[in-house]
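Hi everyone, thanks for coming.

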Amino acid sequence: MGNITTTTQQLDQIIKESNSIFIACHSSPDVDAMGSLLALRQILLTHYKVKDVRIFAESMSAMLSFLPGISSVNTHGLFKTLMHERPDALIFLDFNMWHMVSPRFSEQIKQSAFEYQIPTIVIDHHPVEIKNIESTLFINREDSSTAQTLFRVFHDELDLPLTADIANCLLAGILSDTERFKYHHPSLEYTFSTMPKLLTSATFTIQDLTEIMTTYPAYGVKSLEVFLSNMVCDEDGLTYAVIHDHDVIRHELKKPAISVAAKFVMSHIMLAIDSSKWGFVMYPYLNEVGKYTVSFRSKTDEFSARLAAEQLGGGGHDKASAVRISADDSEKALQKVLEALKPLRNPQS
Ligand SMILES: [Mn+2]
């Protein structure tokens with residue numbers, strides 16, 4: 001057992017005093033958010049015998065269905081339940097800003113928590129600077145993932161046993177947020193130290209989870225083909241891939257197919273090309289005529305994705321950023337982007 005920190009003691013106390021606990025992760029949950037949500041539900045039911053544990057997540061992807069316990073998630077929104085029921089405690093996982101709890105009702109959820117004085121606990125690993133939820137208790141251990149923090153708090157510090165389902169969910173969360181240990185992170189050593197225990201208790205293997213998390217949907221193949229046939233690698237190390245208006249019409253491309261292909265191109269193809277130092281994908285934003293989504297990625301310090309997006313009125317990080325621009329058609333939109341990038345090219349010259 002590790003040393004029990006004060007925040008862990010406080011969390012343990014709040015849980016022991018609660019008969020009903022509602023837990024929510026951010027909307028459009030990823031595997032870390034959902035794995036953490038399902039693991040914490042199991043921990044509260046199995047180890048604390050909390051009578052009423054309910055879990056909430058909005059805009060869930062079918063891709064998460066491999067996680068044990070997924071059918072227990074309420075997807076109708078936390079606000080609907082809070083209108084007529086009040087838990088003894090609310091726990092938010094994997095986010096620290098109000099707007100992330102619900103695309104439509106975050107303000108109402110905030111009001112309810114405040115009005116009914118429901119003790120609110122945030123367990124998260126994102127930068128503290130952006131936090132705007134005023135919580136009763138805040139736990140952020142600067143871990144690679146929220147799943148890693150749950151492991152730390154409940155299994156390292158409080159010494160609660162890992163069941164197969166808890167281990168499966170936490171293992172999936174950690175593997176997903178680290179992209180299978182790909183990213184350097186200050187807590188990387190700790191991440192590895194959790195693995196012997198998780199791997200012996202889990203029924204999933206890293207290979208199983210890799211297969212599940214790296215599948216590509218058949219419905220996105222045509223969009224991927226279009227991105228690749230329009231891909232340009234220029235002599236400055238800029239790589240870009242575009243879907244034009246006429247491609248959308250000719251191949252009847254739909255929004256989910258385009259976005260899944262765009263993500264795949266950005267994370268697995270664009271920067272994997274040996275000449276490429278930075279790049280972007282651009283495609284029509286099908287919800288609104290004359291709008292185009294542009295996402296930038298950079299793999300060197302020479303080029304900042306954030307500066308690129310800022311040229312067009314967007315923002316983000318140095319490695320990844322995005323912006324939505326207006327133009328008469330996709331050709332003009334592309335010109336606009338290339339024009340905006342000109343001052344950022346060859347920064348040394
Ligand atoms: Mn996370």
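Let's begin with a helix pair: helix α2 (residues 31–46) and helix α6 (residues 164–177) have axes that come within 8 Å and cross at roughly 160°. That makes α2 roughly antiparallel to α6, where angles over 145 degrees count as roughly antiparallel, under 35 as roughly parallel, 65 to 115 as roughly perpendicular and the rest as oblique. The axes here are lines fitted to C-alpha atoms, for helices over the stretch in contact, and the angles run from 0 to 180 degrees between N-to-C directions.

Before going on, a word on what you are looking at. This is a predicted model, where local features need pLDDT of at least 70 and side-chain atom pairs count only at pLDDT 80 or more, while totals for chains, interfaces and linings use all residues. Residues are numbered from 1 along each chain as its sequence is written. Helices (H or I, at least four residues) and strands (E, at least two) are DSSP runs, numbered from the N terminus.

Back to our pair. α2 passes α6 in a left-handed crossing, meaning that the near helix is turned anticlockwise from the far one by less than a right angle; clockwise would be right-handed. Who makes the contact? On the α2 side the residues include Val31, Leu38, Ala39 and Ile43, and on the α6 side they include Ile166, Cys169, Leu170 and Ala172. Contact means that the C-beta atoms, placed from the backbone, lie within 7 Å. By class, the contact of α2 with α6 has eight nonpolar, five polar and three charged residues. For those classes, Ala, Val, Leu, Ile, Met, Phe, Trp, Tyr, Cys and Pro count as nonpolar, Asp, Glu, Lys and Arg as charged, and the others, Gly among them, as polar.

α6 has another partner, helix α7 (residues 188–201): their axes come within 9 Å and cross at roughly 140°. This crossing of α6 and α7 is left-handed. Ala164, Ala167, Leu170, Leu171 and Ile174 in α6 meet Thr191, Thr194, Leu198 and Ser201 in α7. Six of the residues in the contact of α6 with α7 are nonpolar, three are polar and none is charged.

Inside the order, β1 (residues 20–25) and β4 (residues 89–93) pair in the parallel sense over five bridges, and Cys25 stands opposite Leu93 in β4.

Another open sheet has six strands in the order β7-β8-β9-β10-β12-β11, and here the pairing is mixed. Why is one side of β7 (232–233) and of β11 (315–316) left without a neighbour in the sheet? Both stand at the edges, each with a single partner strand. β9 (residues 278–284) and β10 (residues 291–298) pair in the antiparallel sense over seven bridges, with Val281 opposite Ser295 in β10. Helix α11 (residues 255–269) packs on the sheet, touching β8 (238–242), β9 and β10, and its direction makes about 175° with that of β9.

α11 also packs against helix α9 (residues 221–229), at an angle of about 50° with the axes 8 Å apart. α9 and α11 are therefore oblique to each other, and their crossing is right-handed.

To finish, the domains: the assignment gives domain 1 (6–213) and domain 2 (218–344), with bounds that come from an automatic or database domain assignment. Their centres, taken over C-alpha atoms, are separated by 33 Å. Thanks, everyone!

Methods. Two strands pair if DSSP finds at least two bridges between them. Two residues are in contact if their C-beta atoms, placed from the backbone, lie within 7 Å.
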